Amino acid sequence: WLLREEGSGTRIAADELVAHHGLDPPRMVLGSNGAVEEAVVAGFGIALLPLGAVTRRLDAGILARIDCPGTPMERPWHLVASSAVALSPTATLAARSLLSAPGAFVVAPAARRLLRG
């Protein structure tokens with residue numbers, strides 16, 4: 001079982017998956033999704049990785065997806081910005097564009113000041 005380092009969101013998701021199934025497989029810990037992916041390609045084991053990280057190799061037939069109960073997983077994503085530094089004009093434009101899309105993000109009250117100007 002090839003894993004990211006502790007604290008990684010991918011690691012947390014992988015730990016939750018094996019715990020949900022009551023498993024305790026042997027583990028190898030690596031420092032990035034890329035390192036985990038390369039270890040899978042080299043045949044060192046299997047891993048839980050974000051689809052976006054492995055799509056090219058899945059499409060090329062280098063990697064194979066294994067159907068497993070509990071996957072694919074839905075993971076929460078958040079649009080974030082520094083609370084200490086004003087957004088650049090480009091970042092403000094990008095955020096406003098995202099927020100104007102149908103079904104867009106909801107702006108937290110504390111973040112409204114970031115989009116003024």
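1. Threonine 92 sits in helix α4, which spans residues 89-100. The model is a predicted one. With a relative accessibility of 9%, threonine 92 counts as buried, because the cut-off for buried is under 20%. Neighbours within four places in sequence aside, threonine 92 touches Leu87, Leu114 and Leu115.

2. Helix α2 covers residues 33-41, and its buried residues are Asn33, Val36, Glu37 and Ala39. They lie on the same side of α2, because the arc they cover around the axis is only 160°. The elements that cover these buried residues include β1 (2-3), α1 (9-20) and α3 (51-59).

3. Glycine 43 follows α2. The phi of glycine 43 is positive, near 90°.

4. The crossing of α2 and α3 is right-handed.

5. Which residues make the contact between α2 and α3? From α2 the contact uses Glu37, Glu38 and Val41, and from α3 it uses Ala53, Val54 and Arg57. Sorted by class, the contact of α2 with α3 has three nonpolar and three charged residues, and no polar ones.

Notes:
Residues are numbered from 1 along each chain as its sequence is written. This is a predicted model: local features need pLDDT of at least 70, side-chain atom pairs count only at pLDDT 80 or more; totals for chains, interfaces and linings use all residues. Side-chain values use heavy atoms; hydrogens and water are left out. Buried means under 20% relative accessible area, exposed over 50%, partly exposed in between (1.4 Å probe, protein chains only). Helices (H or I, at least four residues) and strands (E, at least two) are DSSP runs, numbered from the N terminus. The arc is that of the directions from the helix axis to the C-beta atoms. Contact means heavy atoms within 4.5 Å. A crossing is left-handed if the near helix is turned anticlockwise from the far one by less than a right angle, and right-handed if clockwise. Ala, Val, Leu, Ile, Met, Phe, Trp, Tyr, Cys and Pro count as nonpolar, Asp, Glu, Lys and Arg as charged, and the others, Gly among them, as polar.
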